[in-house]
Amino acid sequence: MTATQLWLVRHGESTANVIATEAQRAGLEAIAVEHRDADVPLSDAGIQQAEALGSWLAAAESTPQAVWSSPYLRAQQTIAIAIEESGRPLPILVDERLRDRELGILDALTSHGVDVRFPDEAARRRWLGKFYYRPPGGESWTDVVLRVRSFLRDLDSSSDGGPVLIAAHDAVVMVFLYVCLGWSERELLDFASTHTVLNASVTLLSREAGDARWTLDVFSHDDHLEALGAPVTRHGGDSNVQPI
């Protein structure tokens, strides 16, 4: 048996989401984060969103046969709060392949900051395009693709069938779509340029048992947030940043 549904969840709003959005709007060069990327916690709004996600999980018709999370704190907090709120005692499995894309020397810089501090890198990214560009010390989107393909192979070899819940990051959710739906580079970038993975939203992929082909059923579902009065936040993140 293989997984027949993927429930892809983006973490709730993080403190770095808020700071990064404010820095971009203010035209600053750097994002004044207080933690390394792996340790960034949820904001107060993010905690509310995770609680609302728990209400969605409690109302789901089926129970996930496995729950996986990125090792990053904001993802683990989101899914732990949601599971507690749902009343479903599900164990959380952590896999480093679900972590956010690593930005290397460009970490904690705005697009403007990259232009000013690393103009050669900005030019190289424009030339290569953001799908293939790898910042020094960081990862390209194709590196994340390899991680997701590896994760899905292992999932297929160990799954008992049924839905699998995955808590990760906006770029990782987009890459799951790219891999599972067989998109091209252009199809992924066009979709990412017009669609945002909302914080604590749910994206659903499904397939028939034994079928390798996936279908996108729902993208960035957020009704649970509005139903409980939790903030709906649109921090674009890496997947929506256009080439420098």
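I took two rings of Phe, Tyr or Trp as an aromatic pair if their centres lie within 6.5 Å. The model is a predicted one.

**Entry 1. Aromatic pairs**

I counted by that rule and got seven aromatic pairs. I looked up Phe 131 with Tyr 132 to begin with. Their ring centres are 5.0 Å apart and the planes stand at 80°. Planes over 60 degrees apart count as edge-to-face, and the Phe 131–Tyr 132 pair is listed as such. I then checked accessibility. Phe 131 is buried, at 2% relative accessible area. Tyr 132 is partly exposed, at 44%.

Next I took Phe 191 and Phe 219. The centres of these rings are 5.0 Å apart and the planes are at 85°, so I noted this pair as edge-to-face too. Where do the two residues sit? Phe 191 is in helix α8, and Phe 219 is in strand β6, residues 215-221. The pair therefore ties together parts that are 28 residues apart in sequence. Phe 191 is buried, with a relative accessible area of 15%.

I also found a cluster of rings. Ring pairs link Trp 68, Phe 151 and Phe 176 in it.

**Entry 2. Nonpolar cores**

Phe 176 came up again when I turned to the cores. The largest nonpolar core has 35 residues. Which of them touch the most other members? I wrote down Leu 6, Ile 166, Met 174 and Phe 176.

Helix α7 gives the most, with nine residues.

Another core lies apart from the largest one. This other core has 14 residues, including Leu 53, Val 67, Ile 83 and Ala 167.

**Entry 3. Salt bridges**

For charged side chains I used a cut-off of 4 Å between a side-chain nitrogen of Lys or Arg and a carboxyl oxygen of Asp or Glu. The count came to 15 salt bridges. I looked at three of them one by one.

Asp 154 and Arg 97 meet at 2.9 Å, N to O. Asp 154 lies in helix α6, residues 141-158. Arg 97 lies in the loop between β3 (93-94) and α4 (111-117). The bridge therefore ties together parts that are 57 residues apart in sequence. Asp 154 is partly exposed, at 39%.

Arg 99 and Glu 102 form a salt bridge at 2.8 Å, N to O. Arg 99 is buried, at 17% relative accessible area. It falls there because buried means under 20%. Glu 102 is partly exposed, at 31%. I followed this pair further. Arg 99 and Glu 102 belong to a network of salt bridges that also links Glu 139 and Arg 147.

Arg 213 and Asp 211 meet at 3.2 Å, N to O. I read Arg 213 as exposed, at 63% relative accessibility.

**Entry 4. Places to revisit**

One is the ring cluster of Trp 68, Phe 151 and Phe 176. Another is the salt-bridge network of Arg 99, Glu 102, Glu 139 and Arg 147.

Methods: Residues numbered from 1 in each chain as written. Predicted model: local features only at pLDDT ≥ 70, side-chain atom pairs only at ≥ 80, totals over all residues. Heavy atoms only, no water. Helix = DSSP H or I, 4+ residues; strand = E, 2+ residues; numbered from the N terminus. Buried < 20%, exposed > 50% of the residue type's maximum accessible area, 1.4 Å probe, protein only. Core = buried A, V, L, I, M, F, W, Y, C linked by side-chain atoms within 4.5 Å. Phe/Tyr/Trp six-rings, centres within 6.5 Å; stacked < 30°, edge-to-face > 60°.
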